[in-house]
Amino acid sequence: MIRVLLLIFLIGFPATSYGEVVEMFRPGDMLSLKIPGEAAFEKPFQVDARGRILLPEVGYVSVVGLARSKATDLINRKLGEIFRDVSGMSIVIKERRQLISVLGYVEQPGFLDLAEFATVQMAITRAGGLRAGAQLDKVQVHRGKTVIVFNYKQYLDTGNSSQIPNLQTMDKIFVPASPLTGNVEIDFDARTLAASGDASDRDKAIIVFGEVHRPGSFAFKGSNSIVDMLMRAGGVTRYAAVDQIRIISNGTPAPFNLRAYLDTGRQDLIPTLAPGDTIYVPQIVEQVQDGERTIRIIGAVHRAGRFDYSDGMSLLDLIAVAGGPKAEADTANVQVLKSGKNRVVKSIRFNLKRFLTKGGDLSGMPILSPQDTVVVPELPKDPNDNRSQWVRQSSESSIYVFGGVGAPGRYGFNEDLNFLDILSAAQGPTSNADLRNVKITHRKQGKPVVTYIDLSRYFRTGDEALLPKIAPEDVIFVPQQNNDWRDLPKEKSVRILGAVNGPGRYTFDDTMTILDVLAEAGGPTSSALQNKIIVVSHSGAERTSRSFDLVGFAKSGDFTQLPVLRAGDTVYIPNKEEGVWNIAAAALRDAVSVLSLVRLASGL
Amino acid sequence: MKKIISTIFIANTLIGCTPWPPQGHGGAAEIMYHQNDHSAEQVRLLKAENSLSELRAEGAGDHMPAALEIAMVQWVRAIRATEGGFTLSAKGDLDELENMLFDMQAVMKVKKLTAARPVALQEKVRMP
């Protein structure tokens, strides 16, 4: 018996208790009242927002918060006052619905009657949808005194319903307006709104402005990089100085070189952003204000001036920013002036031309620093115009050409030029230049070194090995053929003395003979003792004299009679008076005179 | 009296004969060069002439025309000195000439080796 009672207790009590909990009436519930024989109760009665139902003949009855049994008693009592027999009445919840208010930046704000499991999105849709300018990440649900703020955009991005709260009847959804809409109501389109950014909280937003397509304030998420933020701002314009982007974080600016990142893909170049940071993309400008991070470039570049220095900026970067070198730029002699201690400026010369044409080690290029000055010198527009600009040309990059050339002077020179380049620039040798004895003085070999070049031989053979290697500051001297004979080195000449039409010193080499020299000296005079021409040899190891019978040679044509003649020797053509018979006759005349005097004296 | 006249005549004759140096020769020896003895210089000259001929045949005139021309001039200088009786000078000139020829032969040897190799290998050899 006890067991039966216990079973009845266990089954009956919880059922009653459970029924009273789940069937507590709330606004929105659709209640079905069954009173046999009463047609007015066939339609369900909905609990309104105030928790009441409107009963026929009775009026409003507040049922909210009541369990079904209590509500049944209350309604039964109220109806019993009007109707005769309500003993058979029953109340069931036919349908549970939600009464939701949707307010704020929606198209049709108002009070909505929604199905039991309606979501925020359904509510907003029933309210006509969001208005342009709605702030999606700050949507609110008011429930009593509690306000639930949630990121509706995140829900739209992910579809994750846990991002939005489940609605309860009598909830109030409030969609705020974006701060970007301003205080004056105007019509926005989505593009305009997006262009202005999407941030609602200035302290947590990233401001992007300058040379971007859509500057604005953008909501920052932890994973966003500077590239993401620039993309959200529509990317940089074509005027943007992408290597000089600045990030102001906590009041401290830091440079960011987007170009370097895009060129290398190195993630370590990407700075870390924090909420509240500002990104400024400056415009490429020809000149920037003076500052600690400026660098100057002057001379033969297309846009000389002062530029912003960025970390890692190389000489090539700077010249590229300056529009590149002009056609007349002397890129072989680029100079970098670096300010040192005590305002002492140090100059570094760099042969950019060779680097550009032949390549080289990048580490050999001068490293630029802020406040440096790069000078790109200018070559003369025309080599012949050189003299008008020579003062602007350093002697270290010059070569000197004197003597028998069309335009002697100082010429710009670098190691890529050769002897013929310079000779051509000087308009070549003149018609009376002595090509066999071109002299080059090498001044940069510790001690002065002079080399001779036989240009005549070069033109005859075309052998490049004859051309000397020249260096800056060397001196090329092309002598004239009618030059002062004293300038002829004795190792390359012979002296002709005596009875010739042109005594002097004449150039001689081993392809010539004594006949050539006599001809060059104008030949013997009529009073010359032509059969006793004397050659004094003192150029070689032996020092002797030999005679040459020009008359005998002319008669016989025997070349074996020609004496050896070498550069450095002396040729003497005696006068006829120095001949044997002349001397003998003179001696005889003297002797006869003496004898006559002796005879005369003895006769006395 | 006769004695005095004879003395003066002999003295005059002697004055006329003594001042002139001997007749020179060899100043254009390359034109009419004939090896007529077998002195050391002549042998060296002949060898040098042969070397020059070989170099010319091997194309030295194309590869180093100036050097060949200078060597030829040096040969002329040496042969003139030899023929002119300047033995010491001739020796020095021949030494210099032989040095020139040695250098030229070395260059030609390298050129011949390079030319004998396949084209691809030649390119490699030319690379610094």
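Colleague: What ground rules apply here?
Modeller: It's a predicted model, so local features need pLDDT of at least 70 and side-chain atom pairs need 80 or more, while totals for chains, interfaces and linings use all residues. Residues are numbered from 1 along each chain as written, chains are lettered from A, and side-chain values use heavy atoms, without hydrogens or water.

Colleague: How many residues does the contact take from each chain?
Modeller: Contact means heavy atoms within 4.5 Å. Here chain B gives 36 residues and chain A gives 40.

Colleague: And how much area do the two chains bury?
Modeller: Buried area is the accessible area (1.4 Å probe) that two parts lose on being put together, summed over both. For this pair that's about 3,400 Å², with 62% on carbon and sulfur atoms.

Colleague: How many salt bridges does the rule find across the interface?
Modeller: The rule wants a side-chain nitrogen of Lys or Arg within 4 Å of a carboxyl oxygen of Asp or Glu. It finds four; one of them joins A:Arg566 to B:Asp93, with the closest N and O atoms 2.3 Å apart.

Colleague: Which elements of chain B give two or more residues to the side that touches chain A?
Modeller: Helices are DSSP runs (H or I, at least four residues), numbered from the N terminus. Chain B uses α1 (2-17), α4 (65-84) and α5 (87-116), and α4(B) gives the most, with eleven residues.

Colleague: What about confidence in chain B?
Modeller: pLDDT is the predictor's confidence in each residue, from 0 to 100. Chain B has a mean of 80; among its elements, α4(B) has the highest mean (92) and α6 (residues 119-126) the lowest (48).
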